[in-house]
Amino acid sequence: MNNELLEKYALLLIKTGINIQKDQILVINSPIECAPFTRIVSKIAYIQGARDVVINWRDELSSKIKFMNAPEEIFLEYPDWQKDFYVSNARKGAAFLSISASDPELMKEVNPERMSNSHKAASTAIKEYRDRLMSNKNVWCVASIPTVSWAKKVFPDLAEDEATEKLWNSIFKTVRVDTPDPVASWETHKGNLKKSMDFLNSNNFKYLVYKNLLGTDLKIELPENHLWLGGSDYTPDGVEFIANMPTEEVFTLPKKDGVNGTVVSSKPLNYNGNLIENFSITFKQGKIVDFSAESGYDILKSIIDTDEGSHYLGEVALVPYDSPISNSNILFYNTLFDENASCHLAIGKAYPVCVKNGENLKDEELAAQGVNDSFVHEDFMVGTKDLQIIGITIEGKEIPIIENGNFAF
Ligand code: ZN
Ligand code: ZN
């Protein structure tokens, strides 16, 4: 890949994504295959003022070896040194950049219970770190670059280098690196997302009603103090950042016990190297009471069975069917892209910042407002070309929000 584009992308991540501050620490979670790009990001971060760039290298093949061969009990533990790494850097005000790139089917043979135990042990141990990120106390950004195994899954008919090149170009398009001035393009994009947020916030909907021919028939209640967010986020000190690049969504949270009906997935979900396909979930008073999946049922079950909160929803997000990633007609098998091509929901933890003053509320106060808490937060796609979403205001007025997959306002 052409070096100029790579530098342009790295600069976009550091300036617009992370918005690095002078003397800030940057932590990068990076797959080892992405090292050449991560080194460029690291150099640019220093040039832009970072005090230290700490790279947490990950190797999914080594993780698989461990999942397949290590004794059961190791997945119930989380090492103190790793906890210290995340928590101490978070307390020092570090920014966290994660490069999301994985083989969508690598973990197919792994026992899902081992993965869910390991995920739970990690989430429990580094709760402080997770809470800080989910309430925007630390700046964070998730972005992607191709790996060969991922590119081959997205473009199976192409040779490895062609598939990788094509995935690079697709990613550059979604993050606007193909425009003359990506930083300026993002300013325009943020402005467009703000228009949707303003419409949704000014109507202060009490319910959203979803229907499509796939079989989705769902009514979602929104908490009284909910906020629709999208585009950029702000730390309590007012530092603007973009948590996901790309991002096309506007999102809020459902009232924990206010979801009723059935929702049917519209795209496969890649969960830690496993695919869950053609699934449906039924809710009663917020709680998942039934679910099915054509494939990956055990994985879906392990997500839902994680804890009490993973039986409830934590996010409601709207993305028009006619949007750049969706129009590319590429199934990325990576939630960062697929969720930004489709209306989606998330199982598990809600973002506290989706209720007014949420970042300053205690766990009990958030719960009282219907904000769900869980060790998981897993987005899944529900948007289709024929999706209809009607908003119902507190006064009972019905206003179309999504019609034939696109914004109706
Ligand atoms: Zn989302
Ligand atoms: Zn989400």
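Donors are N, O and S atoms within 2.8 Å of the metal (3.2 Å for Na, K and Ca), and sites may look incomplete because water is not among the atoms. On that basis, Glutamate 315 bridges the zinc ion (ligand 1) and the zinc ion (ligand 2), which lie 3.5 Å apart. The model is predicted, with local features requiring pLDDT of at least 70 and side-chain atom pairs pLDDT 80 or more, while totals for chains, interfaces and linings use all residues. Residues are numbered from 1 along each chain as its sequence is written, chains are lettered from A and ligands numbered from 1 in the order in which they are written, and side-chain values use heavy atoms, leaving out hydrogens and water.

**Zinc sites**

- Glutamate 249 is in the loop between strand 9 (240-241) and strand 10 (250-252) and histidine 344 in strand 16 (residues 344-348), so the pair ties together parts that are 95 residues apart in sequence. Helices (H or I, at least four residues) and strands (E, at least two) are DSSP runs, numbered from the N terminus.

**Helix packing**

- Helix 1 (residues 3-18) packs against helix 2 (residues 35-47) at an angle of about 55°, their axes being 9 Å apart. Axes are lines fitted to C-alpha atoms, for helices over the stretch in contact, and angles run from 0 to 180 degrees between N-to-C directions.
- Helix 1 and helix 2 are therefore oblique to each other. Angles under 35 degrees count as roughly parallel, over 145 as roughly antiparallel, 65 to 115 as roughly perpendicular and the rest as oblique.
- Helix 1 also packs with helix 8 (residues 160-174), at about 40° and with axes 12 Å apart; that makes helix 1 oblique to helix 8.
- This contact (heavy atoms within 4.5 Å) is made by Leu5, Leu6 and Tyr9 of helix 1 and Trp168, Ile171 and Phe172 of helix 8.
- The axes of helix 3 (residues 60-69) and helix 5 (residues 112-125) come within 9 Å and cross at roughly 115°, and the two helices are therefore roughly perpendicular.
- Lys66, Phe67, Met68 and Asn69 in helix 3 meet Arg114, Met115 and Ser118 in helix 5.

- Most residues other than glycine have a negative phi, and most peptide bonds are trans.
- Methionine 245 and proline 246 are joined by a cis peptide bond with omega of about 10°; proline 246 is in the loop between strand 9 and strand 10.
- Arginine 176, although not a glycine, has a positive phi of about 65°; arginine 176 is in the loop between helix 8 and helix 9 (182-203).
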